[in-house]
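Dear colleague,

I am passing on the structure we spoke about, and my notes follow directly below it. Please read them with the coordinates open.

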Amino acid sequence: MSATAKRRAAAQPAGASTLEVLVAAALLAVFSTLAHSFARSCFRSAAALQARADAAESAYLALSLLVGELRQAGYSASGNLIGAIASAEDSRLRFAADFDGDGDTDDANENVSYGSDAARGTLTRASGSGSPQPVIDHVPPTGLRFAYFDARGQQLFPGPDGLDAQQRSAVRRIDVRIEVEEPNPDPALRAPIKAAAATSVTLRNAGLP
Amino acid sequence: MQDCPDPPCECPDPARQRAGRAGSSSRFPAPLADAPGFALLAVLLALALLLPLGGLAVLEARSALVIAQNLRARAEARVAAEAALEWAAAAVPALWDTSTLAAGPDGSSGTADDGAFPFGAVPDALCQTLSCELSLAPLKPALWRLRATARGFRGTAATVERILAWSTVPYSPAAAYAAPGVAPRLGTDPVLVDGSPYRPVDPPGLPTGTGPPDFAFAFPDARSAEEARSALAPHRDHIAGRGESPSVGQATRIDLAALAARAAGNGQATSYEGSLLPDSGEFGAPGRPELAVVEGNAVLRGSWSGAGILLVRGQLEITGELRYEGLVVAERGVALDSGARVSVHGALWVAGGVLDLFGTAAVLACPECMGRASEAFPEILPHALEPRGWREIL
């Protein structure tokens, strides 16, 4: 081999040995495993946060809808107030208003009930005699609760059939609590992600002359 | 850079030279980072991977922010609309007729402001940066719709309304009603001001009438009511009626000047000159109510009685005795001396001056007595627009 050929051979890369490739592959595997674990943890945390936000948003939106309708129960455009509360139980409430003043509560959204469907895990709303429609999902069996109070702030406790007529006419304020339990996106964790929204509704039309 | 001779010799590659300077005779090629353009490629690849993730995060955050802003704006608008509605309902005074209610602030039908709220604009403090609008529209005879709309962030709007009904019975908010600034004072003699529903024959402390109690004292503004509540706290046992004791509250405003003008101009009125009043006498009787208008100050020194409506255009001072069924109105105050003995079944309204109850006095709300007075003189007493419903336009 001439001197020039030797110099040229020395200048050319000789490649990596098997051991070097194996070490590099092992390091890459370790690094990839760490990166995957980290990424998975990040994604699960993000998913958990998203689920928590979804649960809170669902509870809040359902509460807003319910409260907005409940606040005006008893209204009548005719000026003759009607009975605000048609039936009142711990987890179910039906109330009425006469928005067009025609003297009945048969029109759309004039006779509304809220409850929960334990089998399907939904909070439901029904208008008139229509079937209950789901409003939000992932509501546990005790996820919708009502508490009733009279003008003096004394709580009225429903019996097996709910509040009686005298109690219903005395209701001035209703506390509402909605709970939502979203499935945990982390399969390793069984505990659902919970959120609750609660408020107190003063019936604006109750107690008016 | 080393110059290459011609013919070309083997010029060492600079990367290889640097690798050699590192002291290794490595068989690995020179670092890729030294390859021209590789850093840019790596950065572009990293950006291509990271940008969608970053963009997604920004979009998520932005949509959440917009949702939160909309919810907040909606809540703010609703609260402002409710505040405006409450203010407007309190601003509607007791009225004698509703013929000009729909004519707007100028009181003339057929003008541009028809349908606008006729009793002023919503104070800025209630609506802050939001825009609040009020309207008052008739629904049917004796029934009105007062509506408040608040508009705010990004066109968010909330509207609430109240149904107001023209009351068929004359307005009587309390046993004693006083204009703003009138400060009631009680002495040490036995005094009872009671908003409970009395009948004309009921003695003080034993009401047998029906219906909800009224306030003992009422004022058209919250400040006067609060000041009176504090001042009358030591006398709480003698001031009974609606709410907590002492029973003092805020009520719909009564235009006492308009009432006085109506009473004085009424053809049924019996006029008296205050300075010429005898020591004793009567202003009608329970079976014979009288619309008595006393010009100037009136000083009742002896024994007086009456029924109906008694209007004193100056100050009513009582040093003797007065038994009255109906409404007593004093334009410049009421002063009871310590020796006075006064019984009013009905109401006592004071437009200004003092309200000194230093004698033995009983001012007792009596809806039946007010009803009789209104029946005898139907054009004199105002009526209120009562709330008959509330709703939010969803």
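In this predicted model, B:Phe217 is in contact, once its neighbours within four places in sequence are left aside, with B:Ala174, B:Ala176, B:Ala178, B:Pro184, B:Val193, B:Ala228, B:Ile239 and B:Val248. Together with B:Ala84, B:Phe217 has the most contacts inside the largest nonpolar core, a set of 108 residues. To this core helix 2 of chain B, which spans residues 38–91, gives the most, contributing 8 residues. As a general point, nonpolar side chains in soluble globular proteins tend to be buried together.

Turning to the sheet in chain A, you will find an open arrangement of 5 strands in the order 1-2-3-4-5, with antiparallel pairing. Strand 1 (85–88) and strand 5 (133–136) of chain A stand at the edges and have a single partner strand each, so one side of each is left without a neighbour in the sheet. From one strand to the next, the twist averages 20°.

Strand 1 of chain A runs antiparallel to strand 2 (residues 93–96) of chain A, and 3 bridges join the two; A:Ser87 stands opposite A:Arg94, which lies in strand 2 of chain A. Helix 2 of chain A (residues 18–70) packs on the sheet, where it touches strand 2, strand 3 (111–117), strand 4 (122–127) and strand 5 of chain A, and the direction of this helix makes about 120° with that of strand 5 of chain A.

With best regards

Technical notes
Residues numbered from 1 in each chain as written. Chains lettered and ligands numbered in written order. Predicted model: local features only at pLDDT ≥ 70, side-chain atom pairs only at ≥ 80, totals over all residues. Pairing = 2+ DSSP bridges. Helix = DSSP H or I, 4+ residues; strand = E, 2+ residues; numbered from the N terminus. Axes fitted to C-alpha atoms, helices over the stretch in contact; angles between N-to-C directions. Contact = placed C-beta atoms within 7 Å. Core = buried A, V, L, I, M, F, W, Y, C linked by C-beta atoms within 7 Å. Buried ≥ 20, exposed ≤ 12 C-beta atoms within 10 Å, placed from the backbone.
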